[in-house]
Amino acid sequence: MRKLALPLTGLAALLVSCSDGSGPGQTNGRISINNNAIVLAQRVTYRNDSIPIDSLGVGYPSAPAPFGSAPVSRSSAASQAAFSLSLRAEVAPPSIAGQMLQATSVSIVGNLAVVSYNMIGNPYLGGVDVIDITNKNHPVLTSEALFQNTDVSAVTTSGVNVYLAEATGDTGFASPAVFEVVKLVGNQLVLAGNTRTALSSFVATSVASGTRAYATSGDAGSLFMLDPALFTVTSSIPLHDARWVAVGGGKVAVVQGTPGILSVYNESNMSLVGHFPFAGAAVAQSKSQADLVGGKAFIAAGDSGVQVLSASTGTKVGAVPRPNPDSLGLSPSVVVTNAVSIDQDVMFISNGEAGVYLAQGSQVFSATGPEAPQTITMRGKLRFGSLQSVNHVAYSAGGPGNPGILIVAAGLGGLKIVQVN
C-alpha cells in the first residue's frame, strides 16, 4: 500500500513522539493519538433536538400481526409517548490526508463510548474515538487515534484495554486480519502497551471480552481465543464466514453467514453447545452483529431482520422482521438489519439506509428464560433530520432519574448521540 502523509493537516505540531507513550499528542509513525481537548471539540456539534418516533410509512403494517413466535405490532401514539429521545451531539468522522473515514462500530462500557472507523475501499485507513458520556447532556470527545495502513472493523473495551478487529496492509503479517490492543489512561488513549497479534483471513470482523479475549475473522477464518494479559492466540476454531462474537451467561456465540448459523460454546472450556441455523445472513461480506441477553441470542440477520434464538438449544423464540423496502421506496440491497442493541426491555435496531428503529419487549429481555417466546412491539422509526446509512447502534439504559444513551454509527455521517428517557 502507498504510504500516506500524517493525518489532519495543521495538527502536526500537536503530534509529538513521546518515549513514555503519554501526553496530549503521540505518534509511532503508524498510529497518531490526539488528546487535545480544544482540537477534538471542533469535531463535535451540540444539539438539543427532539427525535420523534414515526409509526406511519416506516415499512410495517398498521395492524398487529404475528411473526413466528414473536408478535410484532405497530404501537399507538400513547405507548410511544412513554419514550422521550433527544439528540444531544453529533460527532463528525475523522479524516486522514483529506480522506474521510466511516464509523463502523460502537462499544459502551460504563461512562465511556469507544468508536471504530475504517475506509471505504482502498487504502487501509482507520480510527478510534473515545467519548466520555458521564454527562449525557454534554458528551465529550476526549481522545482520537488515527491509523495508517489499517482498517478498524470493530471495537470493544475491557478495563484499560481497547480491543480492535482490523485489516492491515502491513506485509509483515501473513494475512491482513489482525487483533490489536490500545491502552486507556482514564478517558484517553496512549501508545504505551500497544500490541498487535496476527490472525488468519482477510479481515478481523469482531472482538469481545470475557474470561479471555476473543476475535473473529471472515472468509476461511476462525474464532480466536487470546490470553487477556499477553494477547497471544491460545487456540482457535475454524468457522466459515465468522461475522461476530458475543459473550454472556457463560457462553460464547459466533454469528456465521452464507448460510446463517449461530455457533455456541461453553466459555469455561470452549466445548461445543451446538451449531444452530437461522434465517438470514445470506449476503456475502456483510455485517451480522448479535447480543447475548437472558440466555438468548438476538441476531441482526440482514434481510431477515432480528432473529431471536435460545443460546442453549437454537430454538427460535422470537423475531422482528426487516421493514419492507418497497414501502420505503428503497432497494432491498440497502435495507439490511446489521446491528441490534438490547438493554432492559428496549431494543434498538440498525436497518442500513432505512435508519434506526425502536422496539420493546413485553418483559425485560434478561428476565425471561432462554426458551420463553419473546413478544416484541415495534414502536417505530427514529426520525433524524439527516442520517447516512447506519452501520451500528449501541444502547445503554439508565435508571430512575438517570437517562439512557443511544449512539448511532452512521457511516460517513459520523455519530449521533441520543439521550433516551
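I began with Arg43 and Asp129 and found both buried, that is, under 20% relative accessible area, where exposed is over 50% and partly exposed lies in between (1.4 Å probe, protein chains only). The model is predicted, so I kept local features at pLDDT of at least 70 and side-chain atom pairs at pLDDT 80 or more, while totals for chains, interfaces and linings use all residues. I numbered residues from 1 along each chain as its sequence is written, and side-chain values use heavy atoms, with hydrogens and water left out.

**Salt bridges**

I noted that Arg43 and Asp129 form a salt bridge, with the closest N and O atoms 2.6 Å apart; the term means a side-chain nitrogen of Lys or Arg within 4 Å of a carboxyl oxygen of Asp or Glu. I counted eight salt bridges in the structure. I next looked up Glu180 and Arg30, whose side chains meet in a salt bridge (2.5 Å, N to O). Both Glu180 and Arg30 are buried. I also recorded a salt bridge between Asp54 and Arg383 (2.8 Å, N to O). Shared partners join Arg43, Asp129 and Glu144 into one network of salt bridges. Arg383 is partly exposed, at a relative accessible area of 46%.

**Confidence**

I read an average pLDDT of 88 for the protein, with 90% of the residues scoring at least 70; pLDDT is the predictor's confidence in each residue, from 0 to 100. Over residues 1-21 the pLDDT is below 50. Residues 63-78 also have a pLDDT below 50. Where pLDDT is low, the predicted coordinates should not be read in detail.

Methods: Contact = heavy atoms within 4.5 Å.
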